[in-house]
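Please read the following report alongside the sequence and the coordinates of the chain. It moves from the chain as a whole to a few selected elements.

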Amino acid sequence: MFETIEVFKMLLDPTKPHGRLQDVRVSFVPPSLQIEAISDDFAGLDEEARLRLLQEWTTEVAGGAEDSLTDLMVRLPVSINAVTVAEASAQARSGLRQSGASWVSSFIDEPTRGRGAKVEATQKYVHFYGYKGGQGRSTVLGLLAKALADDGYRVLTVDADIEAPSLDLLFGVTADTYSQTLMGLCGWADQIQPVAGAYAGRFGGRVDLLPCRPRNDSADLDFALLVASAPLDSRVYEWAADRLSMELSKQESAYDVVLVDHRTGIASSVLPLMSRLPGSATVFARTDFNTAKVPSEMRRVVRSIFSATASVPGAFVGFQLDPNRKAGSAQPPAEARVREQLLNELACAMEGAIEGEAETEISVSELALNWIDWYLDRALLEPNLPSVHKLQTDNIASLGLLRETLGLPIGKRADRQISSASAAPSAATATSSLSGARDAGQFIHIPEVESLFVPGSPYSYVLGRKGTGKTRLLREMAARGLGTPLLVAADETGTSGLRSLSIEASEWLERCRFDASTFWWSLLGMAVEQFGSGAPLEDIVRRHVGARTEPKVVADRVAIKTRLMELAQPETLLIDGLETLVPAANIKEFVAALFNMMSAIQNDPALASRVTIRSFVREDLATDSVQNVEQQMEQRHQRLKWSARSILNFAISRLPTLTWIKGRFPTVCDEIVQRRDEVGRGAMSEQEATALMLRVFPARLRRNNLSTATFLRLYFSDAGGDDTNKATFYPRLYLSFLQKLDELASQTDGAVDDQEQRIASALLNRAYDEASSEFINETKQELSHLLSLEYEDENDAGRAESDQIKVTKFIAAFDGLSTPFEHEALIAQLQSRTQFREKSVRESLQRMKAIRMFEDRPGYGGWWRVGQLYKMGLRMKYVRG
């Protein structure tokens, strides 16, 4: 029928000679497809003549290849009607019913913007669906229900798998009467009473069950009658859904969540129930089959499901059959392509449900956490559902992620006794520079830094990506007497170190003639002077600059060693700020010289016993510094990596420092202060921390229709969309976001949503946009010290441009370019726009990739995509496909 409808649509073109029709309307009125070909040329003709004329037009357009319209209506459940404009209007007014909740209706047209369901439900529903069976759908639903019940929540599970119901078997309970089943909702009972306590959790939580049918022989005939008759009129399921909603609204103690298990394929029950019980959808899919392309019918089914439930975020669960597959395992290219195609369907549906944001586009990378992997698990060999704690760790984590992504309750519902060994001090208002140099908030002990606070720690190389807290860590170590700052960030004012980009640093670099080795050894020599005098290092540098001291004299290694051996106790020197110390053309040389000096000290037992240099270096600079750097750093380096748990503890710790939030949400802030010690250790669980955040933030963001829990995990990390296990989070961006949110809220009327009593969703979006823009601006400044850009024409006037101007021009060239993109094609585009040499463009892209501004597009060799954090700053346009 698709081809016939397309031929009719060709007859609509008024610019062509065959433009005969004014309109074509296609609808599904069970049990047949209704097609109306509308033209006033049919006026005065009887039905047979009209059909004959329509046949002539279609034959003319199709070149005689089109089937006879009469034959089509004989062979297929199709009715083709040739009517005038007036007749079509009269039929529309008569109210001829079109089914809006069937697969046929959903396949008639492609889902478009604005078609997503926007019905607000008083009950939280989650629909579980799989195009094919055997993918763990019912199992995961049951385990999720148990996990929620274990945290004190009341859950109702509904078995709507009308052909192979199994939830009662999984939970080990049965229904004796129709009133306990879905069949009762479909008309077999007057009252509904689910099977209570199919599973008893903790803190008063429990799982109740509404099985599909009673498990007795006398119900077999009636069950067969439902299965056979319902496809003829799917309204029976709509009525059942309406009745369930009404029954639940009568209950004094409502369920926290209702989980609905659906039939696979295009069963007639799926869309009617989803449309009348608005909520999120979880689609189960296999990506490990032998194809790199999702079948068209499966894409249409997925698109229809998410379009019916798009007012709230949905998710995919990928069932893995490979027994060796673990979280973080690399995806084969074919699987990555299938995953991207399916997530594209979810993105399209979510865009359609966004209110007031007609041009908003959601990229696949933004939906990284909406794909949850499920792994083979020996615990599932038990005859009934196992306890959640028996699952392997990866699957427990998957259940937690599923809760966050779908906006389900997080953390325990039962009231907790908040205790502390001693009363926690009240939180002071924190101030911060964007680099984190002046962040005065509570220091969070992520696991990676604990070993650095042990006196005599062997770790000399502290590696981290931009914004992961290297500067904050240096200041904390200095405050605890674990080291003396030698070189610090440009905006650091709380230590005695030499500030990068300060006048003193610049003047001394000039005195050293930018000789990297001389600079570092002379700086060490001046540090030895500082040990004796206690004067700030900048004062000592200023004195040597004023006296026009020859740097090589200060850098004399024998003299430095002699003075070091005279020290009363060993010293530790801390170095940060390398990224902005020198121009891009010199930075590699300076990092290499620093590491060579550190190696010389490490390999000299006498020196190593008196002085330790601990450098805080951006990871990409360290790995590209000197030969055999891995051997030099072996067992001496520590990488800063903020996990989701660590960053949420960081965010929680900052809430009480924000004036407006503290005043508007005092109960939440007081609870955080009372648990200060736990938060400082980074020991609060992800679920508990997220639950606290969601007492301040809304459940979801309306602009892109993501759950706020997903936003908090994804938008502050460098996970591009596929490997969130290897991602790291950025406390600098998180802190800036929170501070801007607090400032915006204090200046905005209606900052709190009246219905949710949480901060308005729009403010979170504005705060993030402003914080990420500042993050990008600082990145540009650092890129001027990282990229070395040269023009094709050496005589171009641009030779006089500063590195910063060149970087600004280079960044501006990305505006409007597509992502994902072919690497080689992007090089050509950028070269054309900027006139920079191909070699410098290529090297610059590789360096930007090294700091995670770009990443490989999984499954597509030679393709890259922009990292989530930098999409806005580069102003690249996401292109689906």
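The sections below describe the overall chain, a sheet with its covering helices, a single helix and a pair of packed helices.

## The chain as a whole

The model is predicted, and its chain contains 37 helices and 22 strands. Buried residues make up 56% of the 881 residues in the chain. Among the contacts with a separation of 6 or more, 75% are accounted for by residues 24 or more positions apart.

S1 and strand S2 (residues 32-38) run antiparallel and are joined by seven bridges; across S1 and S2, Arg-25 stands opposite Glu-36 in S2.

## Helix H6

Helix H6 (residues 137-150) consists of 14 residues, and the distance from its first C-alpha to its last is 20 Å, close to the 20 Å expected at 1.5 Å a residue. Is H6 mostly covered or mostly exposed? H6 is mostly covered, since 14 of its 14 residues are buried, where buried means under 20% relative accessible area. Just after H6, Gly-152 adopts a positive phi of about 95°.

## The packing of H26 and H30

Two packed helices are described by the angle between their axes and the distance between the axes. For helix H26 (residues 644-654) and helix H30 (residues 686-693), the axes come within 9 Å and cross at roughly 35°, and the crossing in which H26 passes H30 is left-handed.

On the H26 side, the residues that meet H30 are Ala-644, Arg-645, Leu-648, Ala-651 and Ile-652, and their counterparts in H30 are Glu-686, Ala-689, Thr-690, Leu-692 and Met-693. Sorted by class, this contact of H26 with H30 comprises seven nonpolar residues, one polar residue and two charged residues. An α-helix has 3.6 residues a turn, so residues three or four places apart point the same way.

Notes. Residues are numbered from 1 along each chain as its sequence is written. This is a predicted model: local features need pLDDT of at least 70, side-chain atom pairs count only at pLDDT 80 or more; totals for chains, interfaces and linings use all residues. Side-chain values use heavy atoms; hydrogens and water are left out. Axes are lines fitted to C-alpha atoms, for helices over the stretch in contact, and angles run from 0 to 180 degrees between N-to-C directions. Helices (H or I, at least four residues) and strands (E, at least two) are DSSP runs, numbered from the N terminus. A crossing is left-handed if the near helix is turned anticlockwise from the far one by less than a right angle, and right-handed if clockwise. Contact means heavy atoms within 4.5 Å. Ala, Val, Leu, Ile, Met, Phe, Trp, Tyr, Cys and Pro count as nonpolar, Asp, Glu, Lys and Arg as charged, and the others, Gly among them, as polar. Two strands pair if DSSP finds at least two bridges between them. The expected span of a helix is 1.5 Å times one less than its number of residues. Buried means under 20% relative accessible area, exposed over 50%, partly exposed in between (1.4 Å probe, protein chains only).
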